Amino acid sequence: MLVRALIVLLTALNLGVAAWWIARPAPPPPAEEKLPLGVARLQLLDEGKRTTTAASSLAAGKPAQTPSGEASPSETKPGEALKLAEAKPADAKPADATSTSAAPAETKPAAAKPEAIAAATPPPVPATPPQCFSVGPFADAAAADAARAKLLPLAQKVSSRSLSGGSNARGWRVYLPTANADAAQAMAQRIRTAGFSDLFVMSGADANAIALGRFRSEESARRRGNELAAAGFAVKVEALGESSGQVWLDAATATAKGEALRVAAGAQRWRGISCDKVR
């Protein structure tokens with residue numbers, strides 16, 4: 001019984017495989033190989049002639065001839081095939097495949113449109129209008145010339161002017177310059193401790209300097225300065241405004257401020273002026 005069951009099973013399997021083989025779908029045709037753009041398919045030099053000759057021979061009922069005039073191998077007798085093989089030249093070279101390949105087309109870059117060039121070009125940055133400042137005073141022309149050389153890297157134009165014809169002083173002042181805000185506060189506390197309460201820390205053009213009094217006459221200002229000097233403070237006494245014989249430097253700049261110009265020139269004061277004064 002077991003043997004019969006195996007025979008029936010094998011018979012059923014064979015019938016199933018045979019039915020699948022008969023009913024299977026036809027295989028798809030081979031996919032055509034696609035070459036890259038610009039690359040031609042390789043072809044032997046005598047391939048086209050051989051195909052044409054074979055087609056014409058079949059139509060006429062004659063055996064196909066090779067380009068050299070020989071019969072095709074399918075129509076050649078065994079004895080003649082040996083003779084043809086011996087008659088072929090041994091130094092036959094394969095056709096140069098590169099001779100039939102088409103050279104890829106040269107592509108030239110497209111010319112940029114004027115609109116694209118204009119869009120890629122950044123707009124010009126507007127020039128910053130210059131600002132003008134006056135720094136000084138300087139005791140003489142030599143001191144002003146030395147300060148002028150220091151201002152030239154920071155300013156586009158620097159001119160000097162010397163005051164004459166009397167004094168334009170609007171009074172006198174006593175003050176003590178310091179390095180920074182912390183030093184100014186510490187110095188102000190020392191002065192108060194020494195008994196001088198009439199003071200304040202200035203800002204603006206005279207930032208970090210300590211004002212110690214303003215007087216109408218030079219005599220009163222000198223007296224105040226001597227009192228502070230006797231207490232150990234290196235104060236300065238100077239006229240407010242402009243005095244005869246002083247030299248000032250007028251500078252036009254687009255990158256620096258008045259305080260930077262004053263520090264660079266080693267001047268005492270600075271103020272903003274009209275650029276018409278800078279010649």
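Predicted model: local features only at pLDDT ≥ 70, side-chain atom pairs only at ≥ 80, totals over all residues.
The chain comprises eight helices and eight strands, and of its 279 residues 24% are buried. Among the contacts in the chain with a separation of 6 or more, 75% are accounted for by residues 24 or more positions apart.

Helix 5, spanning residues 141–151, packs with helix 8, spanning residues 258–265, at an angle of about 125 degrees, and the axes of the two helices lie 8 Å apart. Because an angle that falls between 115 and 145 degrees is neither roughly perpendicular nor roughly antiparallel, helix 5 and helix 8 are classed as oblique to each other. The crossing in which helix 5 passes helix 8 is right-handed. On the side of helix 5, the residues that meet helix 8 are Ala-147, Lys-150 and Leu-151, and their counterparts in helix 8 are Leu-261, Ala-264 and Ala-265. By class, this contact of helix 5 with helix 8 consists of five nonpolar residues and one charged residue, with no polar residues.

Asp-250 is located in strand 7, which covers residues 247–253. The side chain of Asp-250 is joined to that of Ser-134 by a polar contact of 2.9 Å. When residues up to four places away in sequence are not counted, Asp-250 touches Phe-133 and Ser-134, Lys-157, Val-158, Ser-159 and Arg-161, as well as Ile-273, Lys-277 and Val-278.

Methods. Residues numbered from 1 in each chain as written. Heavy atoms only, no water. Axes fitted to C-alpha atoms, helices over the stretch in contact; angles between N-to-C directions. Helix = DSSP H or I, 4+ residues; strand = E, 2+ residues; numbered from the N terminus. Parallel < 35°, antiparallel > 145°, perpendicular 65-115°, else oblique. Left-handed = near helix turned anticlockwise from the far one by under 90°. Contact = heavy atoms within 4.5 Å. Nonpolar A, V, L, I, M, F, W, Y, C, P; charged D, E, K, R; others polar. Polar contact = N/O pair within 3.5 Å; in protein donor to acceptor, adjacent residues only side chain to side chain. Buried < 20%, exposed > 50% of the residue type's maximum accessible area, 1.4 Å probe, protein only.
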